[in-house]
Amino acid sequence: MRPVRFNIHPKEANINNSISVTEAPDGYSGEGFFTAKLSDVVGLARKNSIWPLPFATSCCGIEFMATAAAHYDLGRFGAERMAFTPRQCDLLMVMGTIAKKMGPVLRQVYLQMAEPRWVLSVGACASSGGIFDTYSVLQGIDQIIPVDVYVPGCPPRPEAILDGFMKIQDLVGQESIRRRNSEQYKTLLASYGIQ
Ligand code: SF4
């Protein structure tokens, strides 16, 4: 049977396929019981079962393909279940040049995702327009949707994409289950014209 492995960084993975179990959240334990904050437990489950939606439009998408393939193996993070159905995904990964004409499509995909949702902007083009400082290219996807983590590079290597993904995991794991109902979050969405 294939050994179960969770959340092992390439640097930590060893060639013996040893089993590594993710750390339990802070809490109280005794004989036969363990208690913890609901937010921590939900965060632990969410961060290790992220379902990405790859919105890949150009070269950065190729780096993402390498990230998902056997050598870098995004599946080690519980994120191998990729889909192009926004309602089933909770992480929008934007990788590549986004033309202004494509902006409404990207925004619609974001709007179709259910809460809680996160956004990872991969590479210079998605984050700032990159080298394409032209009339036709969106100068950063954060002009139309909120972004949680930016990955620099043109293109970023798979290690950088994994690093960005792990930063998303940190955010997901630490997020309060009440954050999406907070006034601060509603204000953020309102600044993008999203109700
Ligand atoms: S950041 Fe560089 S590698 Fe990525 S899509 Fe833009 S031009 Fe291509």
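**Entry 1: α2 against α5**

I began with the contact between two helices, and I found that Glu63, Phe64, Ala66 and Thr67 in α2 meet Pro158, Ile161 and Leu162 in α5. I note here that the model I am reading is a predicted one. Sorted by class, the contact of α2 with α5 holds five nonpolar residues, one polar residue and one charged residue. I then looked up how the two helices are set against each other, and the axes of α2 and α5, which spans residues 158-174, come within 9 Å and cross at roughly 75°. Angles of 65 to 115 degrees count as roughly perpendicular, so α2 is roughly perpendicular to α5.

**Entry 2: α1 against α5**

Next I turned to helix α1, residues 38-47, whose axis comes within 7 Å of the axis of α5 and crosses that axis at roughly 150°. The cut-off for roughly antiparallel is an angle over 145 degrees, and α1 and α5 are therefore roughly antiparallel to each other. I also recorded that the crossing in which α1 passes α5 is right-handed. On the α1 side the contact is made by Gly43, Leu44, Arg46 and Lys47, and on the α5 side by Gln169, Val172, Gly173 and Gln174. By class I have two nonpolar, four polar and two charged residues in the contact of α1 with α5.

**Entry 3: the shell around the ligand**

Which residues surround the ligand? I listed Ser58, Cys59, Cys60, Gly96, Thr97, Gly123, Ala124, Cys125, Gly130, Cys154 and Pro155. The largest share comes from α4, with three residues. As for class, the shell divides into six nonpolar and five polar residues, and I found no charged residue in the shell.

**Entry 4: backbone details in the loops**

I looked up two cis peptide bonds, and one of them runs from Cys154 to Pro155, with omega near -5°. Pro155 lies in the loop between β6, residues 149-151, and α5, and both Cys154 and Pro155 are in my list of residues around the ligand. The peptide bond from Glu115 to Pro116 is also cis, with omega near 0°, and I placed Pro116 in the loop between α3, residues 103-112, and β5, residues 118-122.

I then checked Asp73, which has a positive phi of about 55° although Asp73 is not a glycine. I found Asp73 in the loop between α2 and β4, residues 91-95.

**Entry 5: the chain as a whole**

How many helices and strands does the chain have? I noted six helices and six strands, and along the sequence they follow the pattern β-β-α-β-α-β-α-β-α-β-α-α.

Last, I looked at the overall dimensions, where the C-alpha atoms of the chain fill a box of roughly 65 × 45 × 25 Å, taken along the principal axes. For 195 residues, a compact globule would have a radius of gyration near 16 Å, and the 18 Å of the chain agrees with that.

Conventions
Residues numbered from 1 in each chain as written. Predicted model: local features only at pLDDT ≥ 70, side-chain atom pairs only at ≥ 80, totals over all residues. Near = placed C-beta within 6 Å. Helix = DSSP H or I, 4+ residues; strand = E, 2+ residues; numbered from the N terminus. Nonpolar A, V, L, I, M, F, W, Y, C, P; charged D, E, K, R; others polar. Axes fitted to C-alpha atoms, helices over the stretch in contact; angles between N-to-C directions. Parallel < 35°, antiparallel > 145°, perpendicular 65-115°, else oblique. Contact = placed C-beta atoms within 7 Å. Left-handed = near helix turned anticlockwise from the far one by under 90°. Rg over C-alpha atoms; globule rule 2.2 N^0.38 Å.
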